[in-house]
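Reader: I am new to this structure and would like to know what stands behind the words used for it. Please go through them one at a time.

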Amino acid sequence: MLLEVLLFLAAAILTSTLVMLVPGVARSPIWIGLPLGMLALGVPAFAVGQLTDAPDSAPWLLGLGAAGAGAVRLAMRHWSWPAAQLFAMAFLGALAYLAYSVVVTFGEGLGPAAILGSILLLLLELAALSLSMSYAFEIVDVLGRRLRRPQLPEVKRWPRVGLQVPTYNEPLEVVEPTLRSLANLDYDQLLVQVVDNNTPDPDVWRPLEKLCRELGPRFEFMHLEDWPGFKAGALNEATRRLPEDIDILGIVDADYLVEPGWLKATIGYFEDPAVAFVQTPQDYRDWRDDRYLRALYFSYLYFFAVTMPSRANRNSIIFAGTMGLIRRQALEAIGGWNPEVVTEDAEASLRMLGLGLRAVYSPKPWGRGMMPLSFDGLKKQRFRWALGGIQILRRHWRELLPFTSHRLKLTLAQRIHYLLGSVQWFGDVLNLAFVIVLAATAIATALHHQLPVRVIAGAAIVVPLTFLATGVGRAVWAMKAATGCSWRDAFGALRVWFALNWVVTLACLTGLVRSTAAFLRTPKRREGQPRLVEAVRASVTETTIAGFSVFAAAAMLLAAPALPTAALAVLLLFQAFVYSNSIWASAAAEGITLTPERRAQLRSSQNTGDRPRGGVGTGLALSLAAVGAVVLLGFLAAAPPAPAQPPSIARLPAAKHKPTPAPTPSATPSATRPPSALPSVAPSR
């Protein structure tokens, strides 16, 4: 019976996902969504009943799916029926898979070593499926409900605003357009403060100082020499030097062109004294002519089109830095920016919300910057964001646990959003762990051995593949639906997320072993190298992982050709594809056509990722990975010979094959996550 439920829910996830892909259905009224939803449940219920020779099970399987969807719909009244059903099927499917895994672990007479290995695998699966649920929740929470835009109150008093433009080693060609756009802002009570932080060469910052004088009294320039605390320390000092009548602060990156109406369109939110900060989306320009830049653009946009609106539904957004406004009094109440966190803006927003204040997300973009034009620069940027998310988790994990004593006045929803926002970065670490398990399983099978973990055979072998396919499908569909991009661009954005998998893994491991700021150093380009050679050289680790995954899959299929080993090979080849995208991204970035504006951007720290007084933070992370590889080899060497016939609790006939331990669960985190984002939550800065 448990297997029937698992197969039904896996199929229902697929059919419910397909229903959501139909244009207009995601937010459809219940009189449209309910019949389509029941059809999406009825087909798999009937199919599973026929396949398991138990047609009488179809009605109660259909009832189970309908009850789950109805319960979620009652709990989340703002969601459409198709959205509620998709999340319910994903949630119940994850529970059924875990229950099935527990039965196989403890009900098949495994030895102590196999039980221990299976428990460890179960913990990995639990973590991966939990993260998968968090990504699915964001998607249906935004695309399955009617959006509500915040109402802008009538402005009774125009407060004085101080816009801060932090720079480090920025060419004048990059900063000058930004400052001239700020000079054209339609707002009288304005001061623009250009904060040059430790630029070592006077020939770089002196022209910027001269430009500020030319732009008039609304512009101030300050150069900090040998100043501690990175960007946060520089901004704290800049805020201290501001006139006392500045009520609202704003952050604008050095490469942003800001539209004249930005302040008048957003300052009214501060009429509510409980509003601590207002964030508008970060947007980018000069990307439409290049396929790689298009993919990169939409990979950024996902965070502000899906993650931030979902968090806004529960007053849980982050302050993402540039194009954000913040009440000076709220910032001073928390003691300013924390210089020990590399994503000081996101960390500060948590503490401000902890004062019981509100935040507003206004979804219209008002400024556009430049994206990193080199893959090395992109990796450094993503490393910093992921590291910042882990630093926030290390500092505030007690505050984020739902049921412990707290100093911060956060709601339960806020704690969960911020906790998941940091934990989601570990999705790429989990992905690497599954690659190791998959590869070890494949090599053991090729050597006619069996790792001491549970075996899942028969019909259940298709469940992880179904979870994987639907997870990838949801991510690509959500990208297209939320941003309006093409399917091709949505798939390209997914490839960008995949390309950064190893970099995020390094950042997470670094954040676990280091409490202070660090950043990634990437190899400098060797002039004259062919593009593909340079791309492979810049992605040696990712290339090695991808190559070994292909080798392991091929060796296993040659030694033990069967349906279960083929399913395992598909999962391994997918992981090879994930890591090989680093080569694609590196080569594609090298092929970008360099316009004059892009040539200037190449020298900008916004592109190179350079920061003053950085440190290398990857050595210990690499050491941990090496230790893990050694442990894996020892584990593999100790694997016992495979028995003649694998245990199976499937009701369907198992394929005749040498036993193969189970593939890992469904959606590996990187298959469903925006780096995050988006996806995360670390801010795009």
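**Pocket, residue and sheet**

Author: Helix 10 gives the most to the lining of the second largest pocket, with seven residues. The model is predicted.

Reader: Why is Q85 called buried?

Author: Buried means under 20% relative accessible area. Q85 has 2%, so Q85 is buried. This residue is found in helix 4 (residues 81-107). Leaving aside neighbours within four places in sequence, Q85 is in contact with S16, G37, M38, A40, L41 and A69.

Reader: How do you know that strand 1 and strand 2 pair?

Author: Two strands pair if there are at least two bridges between them. Seven bridges join strand 1 (residues 160-167) to strand 2 (residues 190-197), so the two strands pair. They run parallel, and Q164 stands opposite Q193 in strand 2.

Reader: What makes strand 3 and strand 9 edge strands?

Author: The open sheet has seven strands in the order 3-2-1-4-8-6-9, with mixed pairing. Strand 3 (219-224) and strand 9 (358-361) each have a single partner strand, so one side of each is left without a neighbour in the sheet. From one strand to the next, the twist averages 20°.

Conventions:
Residues numbered from 1 in each chain as written. Predicted model: local features only at pLDDT ≥ 70, side-chain atom pairs only at ≥ 80, totals over all residues. Heavy atoms only, no water. Helix = DSSP H or I, 4+ residues; strand = E, 2+ residues; numbered from the N terminus. Axes fitted to C-alpha atoms, helices over the stretch in contact; angles between N-to-C directions. Buried < 20%, exposed > 50% of the residue type's maximum accessible area, 1.4 Å probe, protein only. Contact = heavy atoms within 4.5 Å.
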